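Q: Can we go through this structure together? I'd like to take it piece by piece.

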Amino acid sequence: MTQPKIGRAIRRRGPQHELQERKLSRYTVQITNGTTTDEEGTIGYDRPLRTFFLQAFPDPETDECALWLGAFIEENPTLESIIEAARARGYEVRGLTREMMLAMLKEAGPPHPPSLGERLGIVR
């Protein structure tokens, strides 16, 4: 089974006002646009944003990705929606295993309630 890459994502204050680190799972997949392939594309689920994300084709100088989906709250709430969003832009995701899909779907789990910032209208 492919193990996810775990990266630091967000630090927030917990119930006892201590800083907690949130983690994102990241899986390496192949992304192609028909002429070019990124062997190190990244797909995963971002719990705080409640969205699946996909990143590929980083610029060697700026590290900015040509393909970056799932950067906004509930932008791609299902695995199917992130794959379709990539296809709509001319990209295909390859190498996504059953184990990866099941792990991401489990991580997405039941819907998460809006954050305090969202409820107060600070975050949209």
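Q: In β5, what is the bridge partner of Gln55?
A: Trp68 is the β5 residue bridged to Gln55. Keep in mind that this is a predicted model.

Q: And which residue in β5 is the bridge partner of Leu54?
A: That is Leu69. Leu54 also has a bridge partner in Ile43.

Q: In which sense do β4 and β5 pair, and over how many bridges?
A: The two strands run antiparallel, and 4 bridges link them.

Q: What about β3 and β4, how many bridges there?
A: There are 5 bridges, and the pairing of β3 (residues 37-46) with β4 is antiparallel.

Q: Is β4 buried or exposed?
A: Of the 8 residues of β4, 7 are buried, so the strand is largely enclosed by the rest of the structure.

Q: Okay, turns now. How many residues are between β3 and β4?
A: The hairpin has 4 residues between these strands. Arg50 sits in the turn, with a positive phi of about 55°.

Q: And how many residues are between the strands in the hairpin of β4 and β5?
A: Here there are 6 residues between the strands. In this hairpin the residue with a positive phi is Asp63, near 70°.

Q: Is Asp63 buried or exposed?
A: Asp63 is exposed: its relative accessible area is 59%, and the cut-off for exposed is over 50%.

Q: Which residues form the negative surface patch?
A: The patch is made up of Asp59, Glu61, Asp63 and Glu64.

Q: Changing topic: how many salt bridges does the structure hold?
A: It holds 3 salt bridges. Side chains of opposite charge can pair when their charged atoms come close.

Q: Which residue forms a salt bridge with Arg50?
A: Glu74 does, and the closest N and O atoms are 2.9 Å apart. Arg50 lies in the loop between β3 and β4, while Glu74 lies in the loop between β5 and α1 (79-88), so the pair ties together parts that are 24 residues apart in sequence.

Q: Is Arg50 buried or exposed?
A: Arg50 counts as buried, at 8% relative accessibility.

Q: Which residue forms a salt bridge with Glu84?
A: That is Arg87, with 3.2 Å between the closest N and O atoms.

Q: Where do Arg87 and Glu84 lie?
A: Both are in helix α1, 3 residues apart, which is about one turn of the helix.

Q: What is the relative accessible area of Arg87?
A: The value for Arg87 is 41%, so this residue is partly exposed. Glu84 is also partly exposed, with a relative accessible area of 45%.

Q: Which side chain does Glu92 meet in a salt bridge?
A: Glu92 meets the side chain of Arg87, at 3.1 Å from N to O. Salt bridges that share partners join Glu84, Arg87 and Glu92 into one network.

Q: Last one: what does Glu92 count as at 31% relative accessibility?
A: Glu92 counts as partly exposed.

Terms used
Residues numbered from 1 in each chain as written. Predicted model: local features only at pLDDT ≥ 70, side-chain atom pairs only at ≥ 80, totals over all residues. Heavy atoms only, no water. Patch = residues over 30% accessible without salt bridge, like charges linked within 9 Å, V, L, I, M, F, W, Y side chains within 5 Å. Areas by Shrake-Rupley, 256 points an atom, 1.4 Å probe, with all protein chains shown as cover. Salt bridge = Lys/Arg side-chain N within 4 Å of Asp/Glu carboxyl O. Lys, Arg positive; Asp, Glu negative; His and termini not counted. Charge placed at Lys NZ, Arg CZ, Asp CG, Glu CD. Buried < 20%, exposed > 50% of the residue type's maximum accessible area, 1.4 Å probe, protein only. Pairing = 2+ DSSP bridges.
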